[in-house]
Amino acid sequence: MDKILIIEDDNAIVRLLTIAMKTNGYLPLVANTGIDGISKCFSKNPDLVLLDMGLPDIDGSEVLAQIKAAVNTPVIILSARDTEIEKIKALDDGAVDYITKPFNISELLARIRVAFRLAKPMPKEDHFSLDYLNVDFLKRRVTIEGEEIHLTPIEYKLLKLLIDNKGKVLTHSFINKEIWGYNSHDDYQTLRVFMGTLRRKIEKDPTKPRFIVTETGIGYRMKDE
Ligand code: CA
């Protein structure tokens, strides 16, 4: 049974989360402070951590830094703060996801399932198929409803990066670094342009993307179902 450590000081949320964890086949562990959370993360070896940012003793970002410095456990941030800067920082600091309070419990459970899938080393697939999009990585062939489409090298690299990380939010700076090899904090315009041309080629309706979701102000996420 997968153990989920809940680091949260709000008892109402702790109760809600522990019930949801138990009824969905997870074993919940609880810490009410950041210090206790770090200590339980090392002593109880949880499979996943749900981390509140506003804790009574130390800040959630400090807890995240200490956990990520020592172990590989996936961390999902739960926070009442919803500024883009906070989200980007948490994701760049190694959190796998960021959920803003108040949250929907079934969405949280879906994000937990994605985090578990991402945590298990996935063999690099040679093929990706979702709805009307098909990518054959061996032949470097992309088809929409069976019709081959042409992608530029950058568009293809972008699509492959998103697919290799499907389900996960990729920040603008992460994508820039992976595609162009540098991390520019102010030049997202180029990325936006390439994302636009990629979407026009693969999405039936680029204004309502089926595959690549915009996380406003943060980055992009490839849907995995
Ligand atoms: Ca709190």
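Reply: Start with arginine 140, which sits in the loop between β7 (133–136) and β8 (141–144). Keep in mind that this is a predicted model.

Me: What is the phi of arginine 140?
Reply: About 55 degrees. That is a positive phi, although arginine 140 is not a glycine.

Me: And how exposed is arginine 140?
Reply: Partly exposed, with a relative accessible area of 37%.

Me: OK, next loop. Where is glutamate 145?
Reply: Glutamate 145 is in the loop between β8 and β9 (147–149). Its phi is positive too, near 50 degrees, and this residue is other than glycine.

Me: Is glutamate 145 buried or exposed?
Reply: Exposed. Its relative accessibility is 56%, and the cut-off for exposed is over 50%.

Me: Switching topic. Which residues does the cis peptide bond join?
Reply: Lysine 101 and proline 102, with omega about -5 degrees. Proline 102 lies in the loop between β5 (97–100) and α5 (105–119).

Me: Now helices. At what angle do α2 and α3 pack?
Reply: About 15 degrees. Helix α2 covers residues 34–43, helix α3 covers residues 60–70, and their axes are 10 Å apart.

Me: So what does that make α2 relative to α3, parallel or antiparallel?
Reply: Roughly parallel, because angles under 35 degrees count that way. The crossing is right-handed.

Me: Which residues make the contact?
Reply: From α2, Gly34, Ile38, Cys41 and Phe42. From α3, Val63, Gln66, Ile67 and Ala70.

Terms used. Residues numbered from 1 in each chain as written. Predicted model: local features only at pLDDT ≥ 70, side-chain atom pairs only at ≥ 80, totals over all residues. Heavy atoms only, no water. Axes fitted to C-alpha atoms, helices over the stretch in contact; angles between N-to-C directions. Helix = DSSP H or I, 4+ residues; strand = E, 2+ residues; numbered from the N terminus. Parallel < 35°, antiparallel > 145°, perpendicular 65-115°, else oblique. Left-handed = near helix turned anticlockwise from the far one by under 90°. Contact = heavy atoms within 4.5 Å. Buried < 20%, exposed > 50% of the residue type's maximum accessible area, 1.4 Å probe, protein only.
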